Amino acid sequence: MEYLSKKRYDEISAELKHLIGEVYPKVKDNLAEARAQGDLSENAGYREARRIQAKTISRIRFLQRVLEHSRVIDQDALPKDKVCLLSRVEFTNLSTNARMTFEIVSPHEMDLEAGKISLKSPIGAALMGKKVGEIAEAKVPSGTVRLRVESITLD
């Protein structure tokens with residue numbers, strides 16, 4: 001079971017609706033057109049249309065599974081005093097004194113450029129459940145880092 005924010009759940013639903021309602025019908029039409037061009041064994045257009053069809057079907061099935069096994073998070077039920085899903089956490093790396101801020105999200109919402117890390121990442125997992133002032137130890141590829149939680153907010 002994965003938990004998603006309402007925004008991300010709606011984005012996935014919209015992408016799925018777009019793929020099923022607009023993209024896939026065009027893919028089917030392109031495949032039928034390529035099939036009508038004759039000998040399928042030497043028809044590069046047909047092979048390309050089949051590849052695109054397979055890719056589209058795969059994406060549709062993946063998004064359907066994500067939605068089927070996901071639940072929207074009730075933000076009002078989340079604790080405000082400790083790190084949890086959808087928390088924006090400011091922390092200090094104690095070995096470098098570098099301060100960072102990230103939002104803890106599900107793996108389907110992870111986007112480092114937007115400041116969102118997965119709760120399943122080493123840092124996200126280490127921070128989960130911590131309160132302001134507590135120290136988390138995260139095992140990262142370069143070793144173990146110690147992180148002090150400076151602030152926690154829910155957007």
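## Terms and basis

A residue is called buried when its relative accessible area is under 20%, exposed when that area is over 50%, and partly exposed in between, with a 1.4 Å probe and protein chains only. The model described here is predicted: local features need pLDDT of at least 70, side-chain atom pairs count only at pLDDT 80 or more, and totals for chains, interfaces and linings use all residues. Residues are numbered from 1 along each chain as its sequence is written, and side-chain values use heavy atoms, with hydrogens and water left out.

## The sheet

An open sheet of mixed pairing is built from 5 strands, which follow the order E5-E4-E3-E7-E6. From one strand to the next, the twist averages 45°; the angles run from 0 to 180 degrees between N-to-C directions, and the axes are lines fitted to C-alpha atoms. Strands (E, at least two residues) and helices (H or I, at least four) are DSSP runs numbered from the N terminus, and two strands count as paired if DSSP finds at least two bridges between them.

Strand E6 pairs with strand E7 (residues 143–154) in the antiparallel sense, over 6 bridges. Glu 137 has Arg 146, in E7, as its bridge partner.

## Salt bridges

A salt bridge requires a side-chain nitrogen of Lys or Arg within 4 Å of a carboxyl oxygen of Asp or Glu. By this rule there are 11 salt bridges. One of them joins the side chains of Lys 6 and Asp 10, at 2.9 Å from N to O. Both residues belong to helix H1 (residues 6–35), where they are 4 residues apart, about one turn of the helix. Asp 10 counts as partly exposed because its relative accessibility is 35%.

Asp 81 and Lys 131 form another salt bridge, with 3.7 Å between the closest N and O atoms. This pair links distant parts of the chain, 50 residues apart: Asp 81 lies in the loop between strand E2 (70–72) and strand E3 (87–93), and Lys 131 in the loop between helix H3 (122–127) and E6. Asp 81 is partly exposed, at 42% relative accessibility, and Lys 131 is also partly exposed, at 37%.

## A linked network

Salt bridges connect Glu 90, Arg 99, Arg 148 and Glu 150 in a network. Within it, the side chains of Arg 148 and Glu 150 meet at 2.8 Å, N to O. With a relative accessibility of 30%, Arg 148 counts as partly exposed.
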